[in-house]
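Subject: Structure handover

Hello,

Please find below the structure I said I would pass on. My notes come after it.

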Amino acid sequence: MSCKARLLLGITGSVAVYKVCELIRLFRKEDIEIIPVMTPDSKRFISPLLIESLAQNRVYSDMFDESGGAFYHIMLSRGVNLILIAPATANTIAKIASGMADNLLTSAVLASEAPVLIAPAMNVKMFENRITQQNIDRLSGLKRFSFIMPESGELACGDVGAGRLADIQDIFDASMPYLLDNKLLSGKKVLVSAGPTREFMDPVRFLSNPSSGKMGYELARVARWLGAEVTLVTGPVSIKPPYGVRVINVVSAEEMKTAILNAKGRYDLLVMNAAVSDWRFDKRHTQKIKRNGSSLSLLFRENPDIISLASKSRKFGFIVGFAAETENLNDNAADKMKRKNIDAIVVNDISRGDIGFGQDYNEGRILFRDKTVVNIEKSGKRDMALRLFSEIAKRQKWVKT
Ligand code: C5P
């Protein structure tokens, strides 16, 4: 995904600073221009050379750098989409809260109108101190500032409690809505289903499929980046849900049906990406079934077709299904779209091993109700999600021009 965005990344003197390397890598992967601004103390923890190399941009730090002149702080913060301060010390937060401008970073914050996202990292006593909390409250009360709060756990100093820098992927995900200027789904409510379902035959055995949830999770992530309010209904997977998304965990198709049809309110879009089991066992044995030297016959019952029920419910403005096919891709998918009475279907060929189930890449085509077909060449699942939302937003005239 390529976005023409500028990020001013403020780096302050916390031991968590080593984690910023990974954060820079995530932003660079999306082609985001990074302007690293380091406080003097942060340079004692990490070499500006390392930051410079990863960010592919020079590090700014000195208020009175000879080449920049006296208006450096103003120049730096001009035209940035977001100022992200990660990690942010109690000291820097306190300075910003009281309007101080004693180094290049605090001056740039004061001299700019760009939104500021702050990821605090500090000792638990410092974080829980009333003074720090009051500073955070003060800034949170201003529209321009938001926080991605630290996690609880073991801290570098050995103490245990809140103060550990938020997860790097979460900081990245929290930043992206500010950096994508095409707010395609702004104000829209989107429900995404993801992952497999499990149909248990007894307490230890189940019927399922190899869905990893990667495509559905990328759909939920990107929908949020694009400004949507996202609910993710997910079957059991081993990946972490994206930041800022409401998650409803389910196991069976029946539970998924209830979660989707009973989700509060009306949704502009349902993206039914889950690989729902078409059958369940007629009976779920309460005790583990024991072998007895002969064969075992079990009866399957059809599961409800959730997407068809969703279509009948009129709860969703636009409904997209996914069709994992092994043959006659277009015909099977078109038939499914008609049968299920949905607005579009994304079809992919699961007979290929390099795309789809469990893979990082996908390829396919989107068939729309009006018979138009959009081919999506092999791309990362994130790019595929963006492409799908762009096509839908265009058709639904959600894109503001
Ligand atoms: O018919 P098939 O299972 O291939 O259809 C796939 C589409 O239908 C997917 O969007 C899937 O999430 C949805 N589906 C469903 N309920 C089922 C089975 C599939 O909503 N029981």
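What follows goes from the whole chain to the ligand site and then to single residues.

This is a predicted model, in which local features need pLDDT of at least 70 and side-chain atom pairs count only at pLDDT 80 or more, while totals for chains, interfaces and linings use all residues. Residues are numbered from 1 along each chain as its sequence is written, and side-chain values use heavy atoms, with hydrogens and water left out.

Whole chain

The protein chain holds 14 helices and 19 strands; these are DSSP runs, helices being H or I of at least four residues and strands E of at least two, numbered from the N terminus. Along the principal axes, its C-alpha atoms fill a box of roughly 80 × 50 × 40 Å. The chain has 401 residues, of which 51% count as buried. Here buried means under 20% relative accessible area, exposed means over 50%, and partly exposed is in between (1.4 Å probe, protein chains only).

Ligand site

The ligand sits in the largest pocket. A pocket is an open set of points on a 1 Å grid over the protein atoms alone, where a 1.4 Å probe fits, with protein on both sides within 12 Å along at least five of seven lines. To sit in it, a molecule must have more than half of its atoms within 2 Å of the grid points.

The residues around the ligand are Met-272, Ala-274, Val-276, Asp-278, Pro-304, Asp-305, Ile-306, Ile-307, Gly-321, Phe-322, Lys-336 and Lys-340, each with a heavy atom within 4 Å of it. By class, this shell has 7 nonpolar, 1 polar and 4 charged residues. Ala, Val, Leu, Ile, Met, Phe, Trp, Tyr, Cys and Pro count as nonpolar, Asp, Glu, Lys and Arg as charged, and the others, including Gly, as polar. Helix H12 (306–313), strand S16 (316–325) and helix H13 (329–340) each give at least two residues to the shell.

A polar backbone atom of Pro-304 is 2.8 Å from a ligand nitrogen, and a backbone N or O atom of Ile-306 lies 3.0 Å from a nitrogen atom of the ligand. At Ile-307, a polar backbone atom is 2.8 Å from an oxygen atom of the ligand. Taken alone, the ligand exposes 440 Å², and the protein buries 89% of that (Shrake-Rupley method, 1.4 Å probe).

Buried positions

Ala-253 is in helix H11 (residues 253–261) and is buried, at 0% relative accessibility. Its C-alpha atom is 8.1 Å from that of Ile-306, 53 residues apart along the chain. Ile-85, in strand S3 (residues 82–88), is also buried, with a relative accessible area of 0%. Ile-85 and Gly-10 are 75 residues apart in sequence, yet 4.3 Å apart in space, C-alpha to C-alpha.

Backbone geometry

Strand S3 also contains Pro-87, and the peptide bond from Ala-86 to Pro-87 is cis, with omega near -5°.

Asp-31 is not a glycine but has a positive phi of about 65°. Asp-31 is in the loop between helix H1 (20–29) and strand S2 (33–38), and counts as partly exposed at 42% relative accessibility. Asn-328, likewise not a glycine, has a positive phi of about 40°. Asn-328 is in the loop between S16 and H13 and counts as exposed, at 52% relative accessibility.

Regards

How values were computed. A polar contact is a pair of N or O atoms within 3.5 Å; within protein, one must be able to donate a hydrogen and the other to accept it, and residues adjacent in sequence count only if both atoms are side-chain atoms. On a 1 Å grid over the protein atoms alone, a cavity is a set of points where a 1.4 Å probe fits but cannot get out, and a pocket is an open set with protein on both sides within 12 Å along at least five of seven lines; lining residues have an atom within 4 Å of a point.
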